[in-house]
Amino acid sequence: MTDLWSPIIDHYYAGNLPLKNLLLTHSRLVAEKAAAIAKLHPELGADGDFVYQAGMLHDIGIFMTDAAPIHCYGTYHYICHGYLGAELLREAGLPAHALVAERHTGTGLTLKQIVERSLPVPHREMVPVSIEEQLVCFADKFFSKTRPEEEKTIQQAMRSLEKFGPEGIEKFRSWCETFL
């Protein structure tokens with residue numbers, strides 16, 4: 001498996017070692033969980049190598065956000081990190097990885113949610129479509145950046161999705177039935 005993520009992460013995170021270490025820890029756990037699910041369920045037809053790569057890059061945009069407790073000192077609201085990271089990955093020639101980054105927030109953001117909640121993100125559907133996008137999004141719900149080494153239980157992951165509304169919790173439940 002080619003290591004696409006190291007040069008990209010090194011480029012954007014060279015000046016912030018605490019954030020780089022946090023990003024690498026979180027991303028590795030997400031990538032490993034998503035890839036393990038892909039391997040456990042060959043019937044899904046997921047590309048395990050791509051899942052791992054995308055898991056390592058899904059949060060590439062966090063450095064551009066304002067989240068001081070996790071060493072992010074940018075100017076954007078944290079919810080913007082997905083689409084911001086997607087822009088970086090598109091510029092790097094990784095359009096499929098960009099879709100994973102853009103679509104992993106919550107269980108995905110619908111245009112309806114974005115408009116109704118006046119979210120500071122582009123007005124478009126940002127919901128995981130491919131099985132690889134879904135796997136990374138799902139695995140991400142089990143790991144926070146405030147407690148990076150602790151894997152959440154299913155109940156804890158569902159509680160963290162409450163802010164995205166009942167549709168997010170329902171989608172997560174359906175993923176649990178498919179992926180676990």
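**A tour of the predicted model**

Start by selecting helix α3 (residues 48-57) and helix α5 (residues 95-103), whose axes come within 9 Å and cross at roughly 55°; helices here are DSSP runs of H or I with at least four residues, and strands are runs of E with at least two, numbered from the N terminus. The axes are lines fitted to C-alpha atoms, for helices over the stretch in contact, and the angles run from 0 to 180 degrees between N-to-C directions. The two helices α3 and α5 are therefore oblique to each other, since angles under 35 degrees count as roughly parallel, over 145 as roughly antiparallel, 65 to 115 as roughly perpendicular and the rest as oblique. Their crossing, that of α3 and α5, is right-handed.

Before going on, note that this is a predicted model, in which local features need pLDDT of at least 70 and side-chain atom pairs count only at pLDDT 80 or more, while totals for chains, interfaces and linings use all residues. Residues are numbered from 1 along each chain as its sequence is written, and side-chain values use heavy atoms, with hydrogens and water left out.

Next, select helix α2 (residues 17-40) together with α7, where the axes come within 8 Å and cross at roughly 125°. That angle makes α2 oblique to α7, and the crossing of α2 and α7 is right-handed.

Now select Trp175, which has its place in helix α9 (residues 166-179). Is Trp175 buried or exposed? Trp175 has a relative accessible area of 4%, so it is buried (buried means under 20% relative accessible area, exposed over 50% and partly exposed in between, with a 1.4 Å probe and protein chains only). If you also select Ala139, which is 36 residues apart from Trp175 along the chain, you will find their C-alpha atoms separated by 10.0 Å.

Two loop residues come next. Most residues other than glycine have a negative phi. His71, in the loop between β1 (66-67) and β2 (72-73), has a positive phi near 70° although it is not a glycine, and this residue is partly exposed, with a relative accessible area of 30%. Ser118, in the loop between α6 (111-116) and α7 (131-140), also is not a glycine and has a positive phi of about 50°, and Ser118 is exposed, with a relative accessible area of 61%.

Methods. Left-handed = near helix turned anticlockwise from the far one by under 90°.
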